[in-house]
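Here is a briefing on one protein model.

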Amino acid sequence: MVALLTLAAFINYVDRGNLATAGPLIQNQLSLSHTELGVLLAAFIWGAATALTGLGTGFIVLLALRLVLGLGESVMYPASFKLLAAEASEEERGRANGFLASGQLLGPAVGTLAGGLLMAWWGWRVVFVLFGFASLLWLWPWLTTPRSASQRWTPAAREAPDIPSTGMILRRRELWGSCLAQFCGTYTLYLVLSWLPVYLVNTHGFSMAQMAPIGAGVYALSAGTSVLTGWASDRWVRGGAATNRVRKSGLIAGLTVMTACLIACAQSSSVGSLLALAGCGIGIGIWTPALFATVQTLAGPHATGRWMGIQNCLGNLAGMTAPLVTGMVVDRTGHFDFAFGIAAALAVVGILTVAFFIRRVEPIDWPAPVNGQLLPALPPQG
């Protein structure tokens, strides 16, 4: 299950990042401004829509197809998180989420390397058609994988009340803190995911063939870091450390590294910027599995799907904001320095949110049903 979810995340981000990889070519061919490219990068697509993007002939068509992917990809993380919350123990959660995060981060690595090189040879349209149809092959092993007992949807489960209710979830301070923390960290992820190819080509003068391995290296470093930090967090938990300490340490450490490296990106030469981008990849690799595990620990198996649905909706507003704001800033200033500064400031807000707004990362004691009725929710713990 973990392997298939990791592969799904990989496909998700290969398809999501393809437009960023093709950004320099599409921008020149269709005469798009940075703002228009930012609008396109702010919308998402998947599967067949990725293939159809290769047939797009203008801004409106590409925008519509990008929006279709958002509908397809929206189920990915709520469903994955619910499965991992039910199947993985606290001592296994770091590794499971480390692998899931590695799939998310290896997607743009392969998409940038293979996609960038293929686009340099064949053009961007062929690559979209190829990647789009290839991603549909994942359906066969997923549909043929037997479900475990905890995943079976029985008549009794259909008739049981939601425990907790969506209203109870919405009243939790931890939810809103987690949403804000995701927004702040995800802003950097999407700035890098959406604009790295254009930044390397237009700002530092790399060709498409040169940009591809550099961009892929940043993502691969991030993916490897996520696996290592996930494994290390499990070792830390098994050694007796409190879950709160382990998860918060990962979140704060990742955001701190991102902050320092984003500031360096805004002030460095070409070589310094490449090193700073590599550091951003490490920070993302530390932060991502810690965020994933935090949600599953807080919400528990019964609430994780709805919790992550809400959090992914609000937190991923950064997926629309970062590409669009960056495009507008670059059009007005002519460089990326201020865009990196905005991301660094948000990373600092994320650190403060984790430190002071999320009280403790530990399972929430949701109310239990008594004779078919729900007892009142317990007040948040200090």
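The protein chain has 16 helices and 2 strands. Helices (H or I, at least four residues) and strands (E, at least two) are DSSP runs, numbered from the N terminus. This is a predicted model: local features need pLDDT of at least 70, side-chain atom pairs count only at pLDDT 80 or more, and totals for chains, interfaces and linings use all residues. Residues are numbered from 1 along each chain as its sequence is written, and side-chain values use heavy atoms, with hydrogens and water left out.

**Overall fold**

- Of the 382 residues in the protein chain, 53% are buried. Buried means under 20% relative accessible area, exposed over 50%, and partly exposed in between (1.4 Å probe, protein chains only).
- Take the contacts in the protein chain between residues at least 6 apart in sequence: 81% of them join residues at least 24 apart. A contact means heavy atoms within 4.5 Å.

**Confidence**

- Mean pLDDT for the protein chain is 79, and 72% of its residues reach 70 or more. pLDDT is the predictor's confidence in each residue, from 0 to 100.
- Residues 46–52 stay under 50 in pLDDT. The model has 25 contacts beyond four places in sequence for residues 46–52.
- Residues 371–382 also stay under 50. For residues 371–382 the model has 21 contacts beyond four places in sequence.

**Helix H16**

- Helix H16 covers residues 337–357, 21 residues in total. At 1.5 Å a residue it should span 30 Å, and its end C-alpha atoms are 30 Å apart, which agrees. The expected span is 1.5 Å times one less than the number of residues.
- Buried residues of H16 are Ala339, Phe340, Ala343, Ala344, Leu346, Ala347, Gly350, Ile351, Thr353 and Val354.
- Their cover includes helix H11 (173–203), helix H13 (243–267) and helix H15 (317–333).
- Leu352 is partly exposed, with a relative accessible area of 47%.
- Leu352 and Ile252 are 100 residues apart in sequence, yet 8.6 Å apart in space, C-alpha to C-alpha.

**Thr353**

- Thr353 sits in helix H16. Its relative accessible area is 5%, so Thr353 is buried.
- A polar atom of the Thr353 side chain lies 2.8 Å from the backbone oxygen of Val349.
- Beyond four places in sequence, Thr353 touches Gly177, Leu180, Ala181 and Ile358.

**Ser178**

- Ser178 is placed in helix H11. Ser178 is buried, at 1% relative accessible area.
- The side chains of Ser178 and Gln311 make a polar contact at 2.6 Å. A polar contact is a pair of N or O atoms within 3.5 Å; within protein, one must be able to donate a hydrogen and the other to accept it, and residues adjacent in sequence count only if both atoms are side-chain atoms.
- Not counting residues up to four places away in sequence, Ser178 touches Leu291, Val295, Trp307, Gln311 and Ile358.

**Aromatic pairs**

- The structure holds 5 aromatic pairs. Rings of Phe, Tyr and Trp (its six-membered ring) pair if their centres lie within 6.5 Å; planes under 30 degrees apart count as stacked, over 60 as edge-to-face and the rest as tilted.
- The ring centres of Tyr77 and Phe292 are 5.6 Å apart and the planes are at 45 degrees, so the pair is tilted.
- Tyr77 lies in helix H5 (residues 76–87) and Phe292 in helix H14 (residues 270–315), so this pair ties together parts that are 215 residues apart in sequence.
- Tyr77 is buried at 5% relative accessibility. Phe292 is buried, also at 5%.
- Phe183 and Tyr187 form a tilted pair, 6.4 Å centre to centre with 45 degrees between the planes. They are 4 residues apart in helix H11, so about one helical turn separates them.
- Phe183 counts as buried at 18% relative accessibility. Tyr187 is buried at 2%.
- Tyr77, Phe81 and Phe292 are linked into a cluster by ring pairs.

**Charges over rings**

- Arg172 places its charged end over the ring of Trp366, 5.8 Å from the ring centre. A charge sits over a ring if NZ of Lys or CZ of Arg is within 6 Å of the ring centre and within 35 degrees of the ring normal.
- The charged end of Arg173 sits over the Phe357 ring, 4.9 Å from its centre.
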